[in-house]
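Q: Please take me through this structure, one topic at a time.

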Amino acid sequence: MKNYLILWLLVLLAACQPSGRIFEVLNEAEGLLRMHQADSAYTLLKGIPNLQQYSEKEQARWCLLMTLAIDKTNRTHTSDSLICFAIRYYEKKNDFSNLASAFYLQGCVEKELGDYEKAAHSFLSALTFSQGSKHYKLQILAASHLGNIFAYSNLTDKALTAYKLAFDFAEQAKDSINLSFVSAYLGRIYGTQRDWEQAIANYQQAISIAEQISYMPTLKLGLKELAIIYSRIQKYQEALACLQRLLSFEKELSSKEKFAIYLNIGDLYRLSENFDSAIPYLEKALQTKNLYTKRSAYQCFYYVYTGQRNYQKAVEYNNLFWECNDSIQKVENRKAVIAVEAKYKHEKLLTEKQQLELKQSKLIFWGSSLLLVAIIIILLVYMDKKRITIRLFEQLHAIRSQIAENKRTIASYQEQIDSLSLRQSDYDDLQQEKASLEQEVSNLLEQNEKLNSQKSQILVRLNQKDEEIKQYEEIIKQRENTPDIFTRIKQAHTIEEKEWPELIARTDALHQQFFERLRKAFPQLTETDLQLCCLMRLGYDKKEQKSLLKITDDSLEKRKQRLKRRLDPNKKWEKGELEQFIHHF
């Protein structure tokens with residue numbers, strides 16, 4: 001009774017704790033988030049016990065702050081349940097200010113979960129509920145995220161509208177950092193639309209604003225992407241100027257960024273046929289440990305020395321290019337094999353764990369059943385003995401011998417029952433263990449067959465790659481005394497079938513292994529589809545495509561239609577959308 005009284009007093013004391021404490025904690029967490037101390041805010045919010053005891057208003061505010069803390073600490077959102085709770089409460093209360101913030105955070109969560117359509121709807125709702133307010137930061141971010149989603153979906157007109165809206169909000173807020181970012185985003189969209197003049201103007205604006213406020217992230221972004229625009233329109237000197245300027249911020253650049261800039265500068269000098277200036281930068285690029293950068297640098301050296309008619313050096317760097325390419329291929333193949341082995345081991349462990357759990361559950365079940373049966377039998381025997389003892393107490397002396405005989409009989413029967421039960425249990429266990437082992441053997445044989453099949457496929461792919469390498473080496477030997485592929489195309493206005501491998505290799509070098517990525521993403525594409533993708537990625541217009549492919553207008557349109565169906569049979573392609581897709585892939 002005393003213990004129950006103490007427990008009741010503790011419950012009363014807990015109920016009497018002031019509810020104002022939760023407000024202080026939530027206010028403190030909100031202050032930490034504003035001071036960019038998101039980790040501390042997350043820890044504070046996570047430590048609040050028994051959240052269900054507080055009011056719905058406090059729970060909604062906790063959900064809003066916790067979602068923001070997860071987002072700012074770069075933790076992974078597993079669902080949108082927290083922010084949905086906050087939205088339902090603020091909708092019920094018509095709290096438009098908090099509702100705008102909640103919809104913005106819901107858009108961030110849905111975007112991270114990969115549901116871009118719902119994310120776009122949430123960002124639009126955030127803009128709607130914040131309309132007329134001066135919550136510019138939220139409006140800028142919501143419009144920018146919306147522009148990113150539209151750009152990712154190749155809806156460039158809608159993306160342009162969203163970015164312009166974000167730019168207007170940033171101007172009203174006099175937010176220079178976001179003005180520079182949004183200007184760069186606008187330049188990117190205009191570049192996608194091949195409106196080079198507007199693209200250059202917006203990138204220059206982003207760079208100018210970033211310089212005024214000494215904000216390095218946007219300054220680096222603007223210079224890198226402006227150099228790409230200049231390179232695409234063959235203004236190599238302007239592109240070089242951007243990269244040289246970027247290189248002047250050496251302390252702000254990572255090693256990976258420096259080597260990439262060296263490679264790009266060297267390649268621009270090569271394209272400008274200023275071979276002597278290209279060599280020092282390409283040599284610096286070769287100091288990287290990144291195999292992909294090294295491979296591109298070796299290839300640039302090959303073209304530099306080919307341009308200088310130093311064919312011995314060209315062959316030497318061409319051999320280094322293929323050695324590096326082989327190393328990359330081996331690394332990728334090794335990663336594939338390791339992934340298969342890891343998957344096999346993981347599945348094996350899961351199977352063993354499931355079988356062990358099944359055995360344990362069966363043992364527990366049968367053990368519990370036998371124990372229960374034994375207890376029931378003992379109780380029944382005890383009760384029977386007690387009834388007999390009470391009923392025959394007066395005749396105890398007369399039938400003592402009979403009772404002793406009955407006890408011996410009962411003990412004998414009990415031993416027989418126990419013996420039979422143990423035999424049956426052992427037999428059942430052996431049968432179950434046999435079936436389990438047979439199933440395990442069957443699973444292992446099936447897994448071995450799958451692994452042997454995967455091994456055969458990998459060997460076939462390796463043999464195919466060896467054949468391709470031999471073909472490329474033959475093509476290179478044939479082309480040692482011929483000019484660059486782009487020069488030959490420009491002079492002849494056509495391309496021979498045997499020149500396609502060289503053009504594809506150049507495209508991979510210039511555009512981050514475009515063909516390797518395209519083949520992996522869409523294995524259903526034919527060689528003619530890949531050739532058309534190559535010309536589009538290199539920026540050849542419709543007239544040049546017809547000339548190089550030696551086909552008519554109708555044939556070119558039919559090829560493009562077939563390509564669209566193979567890329568996405570359910571998609572309705574708008575005019576120019578195919579070229580945008582290939583360009584941004």
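**Salt bridges and burial**

Q: Is Asp529 buried or exposed?
A: Asp529 counts as buried, because its relative accessibility is 3%. Buried means under 20% relative accessible area, exposed means over 50%, and partly exposed lies in between (1.4 Å probe, protein chains only).

Q: What kind of model is this?
A: The model is predicted: local features need pLDDT of at least 70, side-chain atom pairs count only at pLDDT 80 or more, and totals for chains, interfaces and linings use all residues. Residues are numbered from 1 along each chain as its sequence is written, and side-chain values use heavy atoms, leaving out hydrogens and water.

Q: Which residue forms a salt bridge with Asp529?
A: Arg566 does, with the closest N and O atoms 2.6 Å apart. A salt bridge places a side-chain nitrogen of Lys or Arg within 4 Å of a carboxyl oxygen of Asp or Glu.

Q: What does that pair tie together?
A: Asp529 lies in helix 22 (residues 527-537) and Arg566 in helix 24 (residues 553-567), so the pair ties together parts 37 residues apart in sequence. Helices are DSSP runs (H or I, at least four residues), numbered from the N terminus. Arg566, at 28% relative accessibility, is partly exposed.

Q: How many salt bridges are in the whole structure?
A: A search finds 20. Among them, Glu257 and Lys220 meet at 3.5 Å, N to O. Glu257 and Lys220 are both buried.

Q: Which residues are linked in a network?
A: Salt bridges link Glu30, Arg34 and Arg61 in a network.

Q: New topic: where is Gln299?
A: Gln299 is in helix 16 (residues 291-307). Gln299 has 7% relative accessibility and therefore counts as buried.

Notes. Helix = DSSP H or I, 4+ residues; strand = E, 2+ residues; numbered from the N terminus.
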